[in-house]
Amino acid sequence: MKNGKRNERKMTAILVSMGLCVIALGGGLTYYAWEKAPAQKNEETQQNQTEQVSPATVSQTPSFETAQLEREKMSQDDGAEPDKQAEQKQPQQKTTPAVPKPKTEPQPAQKADLTFAYPVSGQIVMPYSMEKAIYDPTLEQYRTNDNICIAAEEGTAISASADGKVVEVKDDTEAGKTIVIEHADGWRTTYSPLQQELPKAGDTVTKGQMIGKLDKPTKYQVGLGSHLEFSLERDGQKVNPQEKLQQ
């Protein structure tokens with residue numbers, strides 16, 4: 001009996017020891033797995049990141065010799081250097097020829113309008129009238145009149161109406177001694193009847209300068225009394241003196 005109990009104790013002790021060994025071995029394996037897992041995880045993560053970086057995406061700078069060979073190859077293929085090829089491929093821009101501006105002729109400076117002064121002061125006893133006939137007391141009839149008749153006493157000084165040049169001095173049967181003065185811009189003035197010292201043809205006169213004295217009227221003018229006949233024309237066309245004369 002004692003030997004059986006002793007054997008049972010030995011067997012129990014052996015089983016307990018084996019159980020403890022199994023427990024110890026299990027704990028060791030568990031600890032190893034726990035410590036090893038993070039390290040493997042980190043290695044796998046690093047490996048995945050390394051695999052994601054493809055060698056093809058890493059830009060490699062070619063050597064100078066390689067770049068020179070590539071340049072020479074492109075030049076031989078197209079017969080021109082790469083830079084010149086790019087210039088040849090660019091489309092040429094069309095330039096629109098400049099349209100010359102029309103030349104403008106210089107405009108001549110405008111001249112001041114010529115003014116005329118009355119050659120003598122007095123009443124107009126017969127006005128200018130070329131559009132309708134007016135009564136002439138000397139002829140006792142109606143007629144047109146291309147001048148104005150200004151009443152003045154015989155011997156009254158007569159002056160030039162504007163600056164000009166004497167172009168004619170003549171004796172007229174109807175008008176008496178007559179002076180014609182040419183002015184600027186095609187203007188002409190005529191004075192009659194005059195007496196005493198008169199300027200000669202070609203003489204220059206100034207505005208207001210005395211050109212003679214009033215003579216007595218001829219038989220063709222006597223009906224109006226003593227007066228000066230004064231006419232104004234431009235480029236050969238008679239003009240109403242009263243439209244241009246200034247007092």
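This is a predicted model: local features need pLDDT of at least 70, side-chain atom pairs count only at pLDDT 80 or more; totals for chains, interfaces and linings use all residues.
Five strands, β4 (141–145), β7 (164–172), β8 (176–182), β9 (187–192) and β13 (227–234), each contribute at least two residues to the lining of the largest pocket.

The pocket itself has a volume of about 560 Å³. Its lining comprises 27 residues, and those nearest the centre are Asp 146, Asn 147, Glu 174, Ala 175 and Glu 229. Sorted by class, the lining holds 11 charged, nine polar and seven nonpolar residues.

Let me turn to the chain as a whole. It contains 15 strands and three helices. Of its 247 residues, 25% count as buried. Among contacts with a separation of 6 or more, 61% are between residues 24 or more positions apart. The accessible surface comes to about 18,800 Å², and carbon and sulfur atoms account for 51% of it.

Finally, the aromatic rings. The count comes to three aromatic pairs. One of them joins Tyr 135 and Tyr 142 edge-to-face, at 5.4 Å centre to centre with 65° between the planes. Tyr 135 is partly exposed, at 42% relative accessible area, and Tyr 142 counts as exposed because its relative accessibility is 59%, over the 50% cut-off.

Another pair, Tyr 191 with Phe 230, is tilted, at 5.3 Å centre to centre and 55° between the planes. This pair links distant parts of the chain, with Tyr 191 in strand β9 and Phe 230 in strand β13, 39 residues apart. Both Tyr 191 and Phe 230 are buried.

Definitions and conventions
Residues are numbered from 1 along each chain as its sequence is written. Side-chain values use heavy atoms; hydrogens and water are left out. On a 1 Å grid over the protein atoms alone, a cavity is a set of points where a 1.4 Å probe fits but cannot get out, and a pocket is an open set with protein on both sides within 12 Å along at least five of seven lines; lining residues have an atom within 4 Å of a point. Grid points are joined across faces, edges and corners, and a volume is the space filled by probe spheres set on the points. Helices (H or I, at least four residues) and strands (E, at least two) are DSSP runs, numbered from the N terminus. Ala, Val, Leu, Ile, Met, Phe, Trp, Tyr, Cys and Pro count as nonpolar, Asp, Glu, Lys and Arg as charged, and the others, Gly among them, as polar. Buried means under 20% relative accessible area, exposed over 50%, partly exposed in between (1.4 Å probe, protein chains only). Contact means heavy atoms within 4.5 Å. Accessible areas come from the Shrake-Rupley method with a 1.4 Å probe; for residues, only the protein chains shown count as cover. Rings of Phe, Tyr and Trp (its six-membered ring) pair if their centres lie within 6.5 Å; planes under 30 degrees apart count as stacked, over 60 as edge-to-face and the rest as tilted.
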